[in-house]
2 protein chains.
Amino acid sequence: MPVRKSLADLNCSLAKALDVVGDGWSMLILRDLFIGVQRFQDIANSTGVARNTLTERLNRLVGAGLVVRTGTEHRPLYALSDMGYDLMPALVAMMQWGDRWYADGKPPMVIEDHKGREVPVVKLTTAKGKDLDLRKLAVKPGPGAEAMTKAWLDTVIRR
Amino acid sequence: MPVRKSLADLNCSLAKALDVVGDGWSMLILRDLFIGVQRFQDIANSTGVARNTLTERLNRLVGAGLVVRTGTEHRPLYALSDMGYDLMPALVAMMQWGDRWYADGKPPMVIEDHKGREVPVVKLTTAKGKDLDLRKLAVKPGPGAEAMTKAWLDTVIRR
DNA sequence: CTGTATCCTTAAAGATACTG
DNA sequence: CAGTATCTTTAAGGATACAG
C-alpha cells in the first residue's frame with residue numbers, strides 16, 4: 001500500500017522538505033508559478049495535472065506557506081511566497097541538472113536575470129565562492145540531531 | 001489511479017529530473033549515499049524504506065546512472081556516480097531549505113568540506129558571484145524549446 | 001546480508017459531471 | 001473560470017516468507 005510514512009520523523013531537513021514537495025507535481029506547479037503562470041486553468045494545462053489533483057496540491061502548498069492566493073475569490077491568482085521563492089535555488093539546481101544530463105545541450109528552459117543574462121549553474125562553494133569538490137564533503141549530524149541520531153549514524157556509516 | 005504520466009514529454013528539464021528522483025524515496029537514498037551509507041541494509045534502516053521498494057529504487061537509480069554498484073556480487077556497495085554527485089547541489093539546496101523553514105535553527109545535518117567548514121547556503125548568483133533577486137528572474141523557453149512550446153508558453157503566461 | 005517473490009491494502013490520480 | 005464531488009482504477013508501498 002502506498003501508505004507513505006510521513007518522512008517528517010526522520011529528523012532530517014531533507015525529509016521534511018520532501019514531505020511538502022516530494023511528489024511529482026508540486027515542484028512542477030512551483031516551477032509554473034516561478035515562470036509567471038498564475039491561473040488555475042493555466043497551471044492545469046501547462047503541467048497536465050488533473051484538476052482535482054491540482055486543487056489538492058495548491059491547497060497543500062498554500063497551507064504549507066509556499067504559495068499565496070491573491071486576486072478575487074472567484075478568480076484567484078497564485079504566486080510564490082517568500083518561502084516558495086526560497087526554494088527556487090533547489091528547483092533551479094534540479095532543472096539545471098536535467099539540462100545537463102537529459103536535454104543534451106539545448107536546455108528548453110533558461111533562467112535569466114532582469115538584464116537577460118543567463119543565470120549560472122548552481123554550485124556548492126566555499127564562503128569565498130570557490131568551487132567545492134563534492135566528493136570531499138561530509139554530511140554530519142548537526143546540533144539539531146539528538147544523541148540517538150548520532151549513535152544511529154555511527155552504526156549506519158561504516159567505512 | 002496513480003497512473004502518473006511520465007513527465008518526460010513535458011519538454012522541461014525539471015520534469016525529466018523529476019521522472020528519476022521525483023518520488024519520496026530516491027532523494028533520501030541519494031542523501032544516504034552522499035553521507036557515506038553504502039550497504040543495502042543500512043540504507044533500509046536509515047531511511048525506513050521497505051526492502052522491495054529499496055531494491056526497485058536502487059535498480060532504477062543504477063539504471064539511470066546516478067548510482068554505481070561496487071563490491072562483490074553477494075555484498076554490493078552502493079555509491080554515487082558522477083551523475084549522482086552532480087545532483088548534490090540540488091539535494092543540498094533542498095536540505096538547507098528544510099533547515100531554514102522546518103528545523104528551527106538547529107539543522108540536524110550539516111554539510112562540511114574536507115576542512116570541517118560548514119558549506120554555505122546554496123544561492124543563485126550572477127557570474128561574478130553576486131546574489132540575485134529571485135523575484136526578478138525570468139524563466140523562458142530556451143533554444144531547446146520547439147516553436148510549439150514557445151507559443152504554448154505565450155498562451156499560458158499572461159501578465 | 002541481499003535480494004526475490006507474493007499478497008494485500010490503500011491512497012493517489014484520472015475521468016467525469018456538476019455548481020457558483 | 002475555478003473549483004467540488006463521485007467513482008474507478010491501478011500501481012506503489014508495505015508485510016511476509018523464502019532463497020542464494
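Colleague: Where is Gly22(B) found?

Modeller: Gly22(B) lies in the loop between α1 (13–21) and α2 of chain B; helices are DSSP runs (H or I, at least four residues), numbered from the N terminus. This is a predicted model, in which local features need pLDDT of at least 70 and side-chain atom pairs count only at pLDDT 80 or more, while totals for chains, interfaces and linings use all residues. Residues are numbered from 1 along each chain as written, chains are lettered from A in the order written, and side-chain values use heavy atoms, without hydrogens and water.

Colleague: Is Gly22(B) buried or exposed?

Modeller: Buried means under 20% relative accessible area, with a 1.4 Å probe and protein chains only. Gly22(B) counts as buried because its relative accessibility is 10%.

Colleague: Which residues does Gly22(B) touch?

Modeller: Contact means heavy atoms within 4.5 Å. Leaving aside residues up to four places away in sequence, Gly22(B) touches Gly22(A), Asp23(A), Gly24(A) and Ala17(B).

Colleague: Which residues line the largest cavity?

Modeller: Among them are Leu18(A), Val21(A), Gly22(A), Leu18(B), Val21(B) and Gly22(B). Helix α1 of chain A and α1 of chain B each supply at least two lining residues.

Colleague: At what angle do α2 and α6 of chain B pack?

Modeller: Axes are lines fitted to C-alpha atoms over the stretch in contact, and angles run from 0 to 180 degrees between N-to-C directions. Helix α2 (residues 24–35) and helix α6 (residues 88–102) of chain B pack at about 105 degrees, with axes 11 Å apart. The two helices are therefore roughly perpendicular, a term for angles of 65 to 115 degrees. From α2(B), Met27(B), Leu30(B), Arg31(B) and Phe34(B) make the contact; α6(B) contributes Met88(B), Leu91(B), Val92(B), Met94(B) and Met95(B).

Note on methods
Parallel < 35°, antiparallel > 145°, perpendicular 65-115°, else oblique. Buried < 20%, exposed > 50% of the residue type's maximum accessible area, 1.4 Å probe, protein only. 1 Å grid on protein atoms, 1.4 Å probe; cavity = no way out; pocket = protein on both sides within 12 Å on 5 of 7 lines; lining within 4 Å.
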